[in-house]
Amino acid sequence: AQPLTVVLLIDTSGSVKDKLGFLQEAASEFLSQTLRKNKDLAAVVQFDSEVSLIQDFTYDYSVLENAIQSIRAGGSTKLYDAIWVSVNELLRHEVGRRMLVILSDGADTQSLTRDNEALKVAQEQDVVIYGIGVRSGRFDSDFGQLKKFAEGTGGLFFNSKVDLQKLREAFTRINRGIKNQYALGYVSTNPRRDGSFREIKVRVRRSGLNVTHRKGYYSPRDEP
């Protein structure tokens, strides 16, 4: 299987401040279960009123663990900006299977980037998004947005319910999905190079199977 390149995107806004310890434990456990030694790369980004790279890509789990434990919470939420920055400034330069794992309540409050722009840039760069919802009882959440990003890129969304056992079950499903991926390709019969979104549907003949796949792709665009 191709190497994984993962950006772990951790919400450190004030709305999840009381869940920061859970977020840190969840992030560390995800990486320990997912990364293969000396094969898969990961980086850690936190977002609140700003988007900050806490640890650039490394194979070293202990370095990633220290970065995760160093984060502090406070401020508003720039989720869409964080997705845009993580894809454009980090993942687009990497090879292999590229994943963005978001731990957040999903409620954006201050981004300049719109939600559809964040989704589009992930789709254009073939980045798969996995959303893990973490809800605080004191603030609004928007798990629907996390689900939209996941489904639009061929990923999955999980409601953690702030329960480590449910989180471990989610990680098991993510890992199972990663290890059972297939790469399918085809030559489009549509010759237009107009930058439009082309929808994809994947069906299987065998009953009882659930297929998770990206919803489509953006065609090339000829420069004027």
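Me: What follows helix 5, and is its phi positive or negative?
Reply: Gly 154 follows helix 5, and its phi is positive, near 85°. Bear in mind that this is a predicted model.

Me: Which residues of helix 5 are buried?
Reply: Helix 5 spans residues 143–153, and the buried ones are Phe 143, Gln 145, Leu 146, Phe 149, Ala 150, Gly 152 and Thr 153.

Me: Helix 3 and helix 4, then. How do their axes cross?
Reply: The axes come within 9 Å and cross at roughly 20°. Since angles under 35 degrees count as roughly parallel, helix 3 is roughly parallel to helix 4.

Me: Left-handed or right-handed crossing?
Reply: Helix 3 passes helix 4 in a left-handed crossing.

Me: Which residues make the contact?
Reply: From helix 3, Tyr 80, Ile 83, Trp 84, Val 87 and Asn 88. Helix 4 contributes Asp 115, Glu 117, Ala 118, Val 121 and Ala 122.

Me: How many of those are nonpolar, polar and charged?
Reply: Seven are nonpolar, one is polar and two are charged.

Me: Is Asp 126 buried, partly exposed or exposed?
Reply: Partly exposed, because its relative accessibility is 42%.

Me: What about Asn 38, where does that one lie?
Reply: In the loop between helix 1 (20–34) and strand 2 (41–47). Asn 38 is not a glycine either, yet its phi is positive, about 60°.

Me: Why does Asn 38 count as exposed?
Reply: Because its relative accessibility is 59%, and exposed means over 50%.

Me: Now the whole chain. How many helices and strands?
Reply: Six helices and eight strands. Starting at the N terminus, the order is β-α-β-β-α-α-β-α-β-α-β-α-β-β.

Me: How compact is the chain?
Reply: As compact as a globular protein of that length, because the radius of gyration is 17 Å, close to the 17 Å the globule rule gives for 224 residues. Along the principal axes, the C-alpha atoms fill a box of roughly 50 × 40 × 35 Å.

Me: What share of the residues is buried?
Reply: Buried residues account for 47% of the 224.

Me: And what share of contacts joins residues at least 24 apart?
Reply: 75%, counted among contacts between residues at least 6 apart in sequence.

Terms used:
Residues numbered from 1 in each chain as written. Predicted model: local features only at pLDDT ≥ 70, side-chain atom pairs only at ≥ 80, totals over all residues. Heavy atoms only, no water. Buried < 20%, exposed > 50% of the residue type's maximum accessible area, 1.4 Å probe, protein only. Helix = DSSP H or I, 4+ residues; strand = E, 2+ residues; numbered from the N terminus. Axes fitted to C-alpha atoms, helices over the stretch in contact; angles between N-to-C directions. Parallel < 35°, antiparallel > 145°, perpendicular 65-115°, else oblique. Left-handed = near helix turned anticlockwise from the far one by under 90°. Contact = heavy atoms within 4.5 Å. Nonpolar A, V, L, I, M, F, W, Y, C, P; charged D, E, K, R; others polar. Rg over C-alpha atoms; globule rule 2.2 N^0.38 Å.
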